[in-house]
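Biologist: I would like to go through this model with you. Shall we start with the overall fold and then turn to the ligand?

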Amino acid sequence: MSTKDIVLEILNQNIDCPTSGEILAQKCNVSRAAVWKAVKTLREQGYKIEGTTNGGYILLGNKDVFSKDAILTTLSKSYPQYSNSYIETFSQIDSTNTYAKQLISKTADITKIRNGIITAETQTAGRGRLGRTFVSPTKTGVYLSIIYAPETGITEPALLTAFSAVAICRVLKKLYKVEPKIKWINDIFVNGKKIAGILTEGTANFETGLIDSAIIGIGINILDNPEILNPEISKIAGSILGNSEQEINRCELIGEIWGQTLSIFEENPMDLIKEYKEYSFLIGKTIQVHPIIGDDKSVYNATAIDINEKAGLIVKLEDGSTKILNSGEVSLHSN
Ligand code: BTN
């Protein structure tokens, strides 16, 4: 970690009392002048650090400053194995997924950006599944794309989406003590409303015909944003913390999601499917299926009965037969 990161971490841990320049210098193993320089850079990045009369420093105000360093600080603390991964942050971008796709296509050596992240404070053309728009306002949400490129290639893209959903649920439980639920296949719900979505896109290798890398795009609403939440949208979309006054820390959330998503891909797939099912709120419910492939796109009713080892949704039709859904959209049946 850089001196600046260590200084920030120490000040963050001591928000109630000032930390002297001397202690900071000792803990960072640098001169006091180097500490002063680190504090200056942090202030330029937007951190409010007050210098006290006896030569101490204290971090004030809202700590929710969007910065590469703050994201990397969380990642290195919780997932040190990924701490050297590639990162690009933007205050505004069209879409982090679109940018990641372009980056992959122009990067000759994928190992340089493998496990990397592209994240932005706001997106002007955020994309959701099935060609939908993903509204991405600044300050109240996080928008990130993880570049996943295992050496052996990707054979089951649906599992990446499903396991990323589990990763998001774990992080939300850990940071916000909420009870997240998954609506097959990629929607995360808290208190009955969608608060996050995942858009997984693959980049194909035309020589092998396989998917070489995947971009896992994640958008999460942390707080309600009155600018976008009109009464109609509010019926279905929400946020983790609603309209609470709670201070948020977007960089901590991004760092945790990034590390947890990468590390979950190393876990046992069967255990993860079990965990996915535990978070799923569709099983046992009557649903409406909206097919997206095939000639017949008519909507039909079914009962969700299980999720298989490939994250397919097993449904029972009204005639008693069963069917496995590998794509499409489902909604809860409204009588
Ligand atoms: C959905 O709910 O349909 C999926 C939403 C995915 C949104 C994220 S935000 C970061 C990344 N960039 C995009 O343009 N989309 C994904």
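This is a predicted model: local features need pLDDT of at least 70, side-chain atom pairs count only at pLDDT 80 or more; totals for chains, interfaces and linings use all residues.

Biologist: What does the C-alpha trace span along its principal axes?
Modeller: The secondary structure comes to nine helices and 15 strands. Along the principal axes, the C-alpha trace of the protein spans about 80 × 50 × 35 Å.

Biologist: Where does the ligand sit, and how much of its area does the protein bury?
Modeller: The ligand sits in the largest pocket.

Biologist: Which residues come nearest to the ligand?
Modeller: There are 20 residues around the ligand. In S95, a side-chain N or O atom is 2.7 Å from an oxygen atom of the ligand. In R129, a backbone N or O atom lies 2.7 Å from a ligand oxygen. The nearest residues are S95, Q123, R127, R129 and K194.

Biologist: Which element gives the largest share of the shell around the ligand?
Modeller: By class, the shell has five nonpolar, 11 polar and four charged residues. Elements that give two or more residues to the shell are α5 (96-106), β6 (141-148), β9 (193-205) and β10 (210-221). The largest share is four residues, and the element is β9.

Biologist: Which residues does a cis peptide bond join?
Modeller: Most peptide bonds are trans. Here is a cis one, with omega about 0°. I185 takes part in this bond and lies in the loop between β7 (181-183) and β8 (187-190). The cis bond joins W184 and I185.

Biologist: What is the phi of K177?
Modeller: Most residues other than glycine have a negative phi. K177 is found in the loop between α6 (157-176) and β7. Its phi is positive, near 55°.

Technical notes
Residues are numbered from 1 along each chain as its sequence is written. Side-chain values use heavy atoms; hydrogens and water are left out. A residue is near a molecule or strand if one of its heavy atoms lies within 4 Å of it. A polar contact is a pair of N or O atoms within 3.5 Å; within protein, one must be able to donate a hydrogen and the other to accept it, and residues adjacent in sequence count only if both atoms are side-chain atoms. On a 1 Å grid over the protein atoms alone, a cavity is a set of points where a 1.4 Å probe fits but cannot get out, and a pocket is an open set with protein on both sides within 12 Å along at least five of seven lines; lining residues have an atom within 4 Å of a point. A molecule sits in a cavity or pocket if more than half of its atoms lie within 2 Å of its grid points. Ala, Val, Leu, Ile, Met, Phe, Trp, Tyr, Cys and Pro count as nonpolar, Asp, Glu, Lys and Arg as charged, and the others, Gly among them, as polar.
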